Amino acid sequence: MKVTADYAVPSSVKNDIVAFFIFQDKKLFEAEVSKIEKEFKLNIKDFLGKENEMLLFYTTEKKIPSRLLLIGLGESQKFTMEKLRRASATAAKKTQSLKLSSLAVNCPDVENILSLSPKEIATALVEGALLSVYKYDKYISKEKNSRKLERISIISHSKNLVNQIQKGIQIGVTLAEATKHARDLTNAPGNEIYPETLAKDSQRLARTFKFSASVFDKRKIQSMKMGGVIGVSKGSVREPRLIILEYGKQYKKYGTAVLVGKGVTFDTGGISIKPAAGMAEMKMDMGGAAAVIGTFQAVAGLKLPRHVVGIIPSVENMVSGSAIKPGDIIRHYNGKTSEVDNTDAEGRLILADALSYAEKFHPDVVIDLATLTGACVVALGQHASGMMGNDQSTMESLKTAGEKTYERVWQLPLFDEYEKQIKSDIADVKNVGGRWAGAITAGLFLKKFIGNYKWVHLDIAGTAMLEENLDYIPRGGSGVGVRLLVEFLKIWKK
Ligand code: BES
Ligand code: MN
Ligand code: ZN
């Protein structure tokens, strides 16, 4: 997809369709509509500028653009950046559904309303448009020939703004492409993405985007005494990998952030096997890894001045004669032991090794992302990720980043009282904590393995793969975490 910033009047663009975003407020509405009416010599009726309202109409066929699309923004007082993303998504999806390939959007004058820069406005427009027309179609034979939206032009009547819009576009494209890569990884079936291929993908990406990726194989992981990663991988013929990403060593003085991503490329549950219905969804159990990989793509693409390390333990949780069993005891990287009461609580077993390994990088903050518990899906559904941690100020920054990007997080408590649920009689900790507060007891399990650093855990089980379409997230892998983490890293101060 090609996105450009152009200095032009709407009636002069050569795109198939030109979209206008219009507020409902009387003054703003009339000013904008009368401008369009004059320029195109027409009379607009039946449009009020309400949120989600859309009106498509045609100029005489000889003219280009021959289609005008009006999209309502609702009341200016209630306007948000997210509504701008959604409005842009509406325009892009409409263009694509009409099988047209080129869209012009009139950059709305919302600077004063939102106190956003033209750059930020352009970024939001691009995010909404590019992410909304995403489709995981690489395995659909006929889809390849169907016509797609190929060009978007953001037009502005002010020459001075074009430069800034161009900068915003570049940021938006980078974020959207990184998010789409995370979606692709999440949507990819388990026979395509398994630990070895996930590692290969990271290495290929690292070459393109200029960050480093090292991959540890089974023997190395064994020699490092990462009992969790080895243990969970034992039931599979696919060997485990530990993927280490690194970007921006020269920015160490601004702080080192370590991002840990759960990379279970398929989760059958192991011997504590999951029910057949819906098990296919468990190809998404590497959504945390996808978020970390996508974040590296974006951070490197944007040349963000931060030192970032990624740690991805990757395994396939399978059932076989060699699989770990309920009752087994594992010794983790930091020497602590865990009792495996349920082999389906595998994510925390591999994260335990990764979190204690993170200490080696002297991090100023460690954030882990994991599709960790069904309990978190029950609690928050698909509209917020669960957040737990030991540092309130880091969590506040993540909340702020979550509001801005609309990848929202919601904090759950790590009260000491919950801890007795994961007490083991025969090991340092037990890997399940019973029926209640499952997202929290998983968080408390992880807490046992962190080092002396600020730490936040994000449970993205409900947000990494959506059951229902959102405005610019089609059902399936969402790429959640990428835009959130990039925004967090931008505002973060160690
Ligand atoms: N990968 C799952 C969690 C999950 C559930 C992710 C639904 C996405 C959607 C995780 O490994 C798991 O199986 N967790 C168990 C833990 C339980 C055995 C304590 C769960 O949530 O049921
Ligand atoms: Mn599981
Ligand atoms: Zn899992």
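**Lysine 99.** I began with lysine 99, which is exposed, because its relative accessible area is 56%. I take exposed as over 50% relative accessible area, buried as under 20%, and partly exposed as in between, with a 1.4 Å probe and protein chains only. Lysine 99 sits in the loop between α2 (81-97) and β5 (102-106). Its phi is positive, about 60°, although lysine 99 is not a glycine.

**Ground rules.** I am reading a predicted model, where local features need pLDDT of at least 70, side-chain atom pairs count only at pLDDT 80 or more, and totals for chains, interfaces and linings use all residues. Residues are numbered from 1 along each chain as its sequence is written, chains are lettered from A and ligands numbered from 1 in the order in which they are written, and side-chain values use heavy atoms, with hydrogens and water left out. Helices (H or I, at least four residues) and strands (E, at least two) are DSSP runs, numbered from the N terminus.

**Tyrosine 406.** I looked up another positive phi. Tyrosine 406, a residue other than glycine, has phi near 65°. I found tyrosine 406 in the loop between α12 (392-405) and β16 (409-411). Tyrosine 406 is partly exposed, with a relative accessible area of 30%.

**Proline 65.** I checked the peptide bond from isoleucine 64 to proline 65: it is cis, with omega near -5°. Proline 65 belongs to the loop between β3 (54-58) and β4 (67-74).

**Zinc ion.** Which residues coordinate the zinc ion (ligand 3)? I noted Lys262 (NZ), Asp267 (OD), Asp285 (OD) and Glu346 (OE), at 1.9 to 2.4 Å. Donors are N, O and S atoms within 2.8 Å of the metal (3.2 Å for Na, K and Ca); water is not among the atoms, so sites may look incomplete. The zinc site is octahedral, with angles of 78 to 176° among six donor atoms. Six donors count as octahedral if opposite donors are over 155 degrees apart and all others between 65 and 115. Aspartate 285 lies in the loop between β10 (263-267) and α9 (287-302), and glutamate 346 in the loop between β13 (337-339) and α10 (347-358), so the pair ties together parts 61 residues apart in sequence. Aspartate 285 and glutamate 346 are both buried.

**Manganese ion.** For the manganese ion (ligand 2) I listed Asp267 (OD), Asp344 (O), Asp344 (OD) and Glu346 (OE), at 2.1 to 2.2 Å. Its six donor atoms subtend angles of 70 to 168°, which makes the arrangement irregular. The manganese ion and the zinc ion are 3.1 Å apart, and aspartate 267 coordinates both. Aspartate 267 is in strand β10 and glutamate 346 in the loop between β13 and α10, 79 residues apart, so I marked this pair as linking distant parts of the chain. Aspartate 267 is buried.

**Ligand 1.** I counted 16 residues around ligand 1, the closest being Lys274, Asp285, Asp344, Glu346 and Gly374. Here a residue is near if one of its heavy atoms lies within 4 Å. A nitrogen atom of ligand 1 is 2.8 Å from an N or O atom in the side chain of aspartate 285. An oxygen atom of ligand 1 is 2.8 Å from an N or O atom in the side chain of glutamate 346.

How values were computed: Four donors count as tetrahedral if all angles lie between 85 and 135 degrees; four count as square planar and six as octahedral if opposite donors are over 155 degrees apart and all others between 65 and 115; anything else is irregular. A polar contact is a pair of N or O atoms within 3.5 Å; within protein, one must be able to donate a hydrogen and the other to accept it, and residues adjacent in sequence count only if both atoms are side-chain atoms.
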